[in-house]
Amino acid sequence: MTRAKGSADKNLSNVVADLEETPVNSHQAQQLQQDHNDRRHQDALNHDHPASDSV
């Protein structure tokens with residue numbers, strides 16, 4: 001795959017955007033953490049497993 005020169009990595013820019021968001025209160029902090037956990041869980045579900053793992 002080739003990338004256009006000068007374009008930022010999409011995943012990296014998403015991480016930066018997430019880090020720039022500061023929670024206003026404890027409820028919003030909990031919501032941001034839950035969003036992070038949900039994305040991590042979905043990412044784990046999306047990964048392929050080796051053929052030896054499938055039953």
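Where does P23 lie? P23 is found in the loop between α1 and α2. This is a predicted model, in which local features need pLDDT of at least 70 and side-chain atom pairs count only at pLDDT 80 or more, while totals for chains, interfaces and linings use all residues. Residues are numbered from 1 along each chain as its sequence is written, and side-chain values use heavy atoms, with hydrogens and water left out.

The protein has two helices and zero strands; helices (H or I, at least four residues) and strands (E, at least two) are DSSP runs numbered from the N terminus. Helix α2, residues 26-46, contains 21 residues and reaches 30 Å from its first C-alpha to its last, close to the 30 Å expected at 1.5 Å a residue. That expected span is 1.5 Å times one less than the number of residues. At the start of α2, a side-chain oxygen of N25 comes to within 3.2 Å of the backbone nitrogen of H27.

P23 counts as partly exposed because its relative accessibility is 36%; buried means under 20% relative accessible area, exposed over 50%, and partly exposed in between (1.4 Å probe, protein chains only). Of the 55 residues of the protein, 0% count as buried. Although P23 and Q33 stand 10 residues apart in sequence, their C-alpha atoms are 10.0 Å apart in space.

α1 (10-20) and α2 each supply at least two residues of the lining of the largest pocket, and α2 gives the most, with eight residues.

Definitions and conventions:
Polar contact = N/O pair within 3.5 Å; in protein donor to acceptor, adjacent residues only side chain to side chain.
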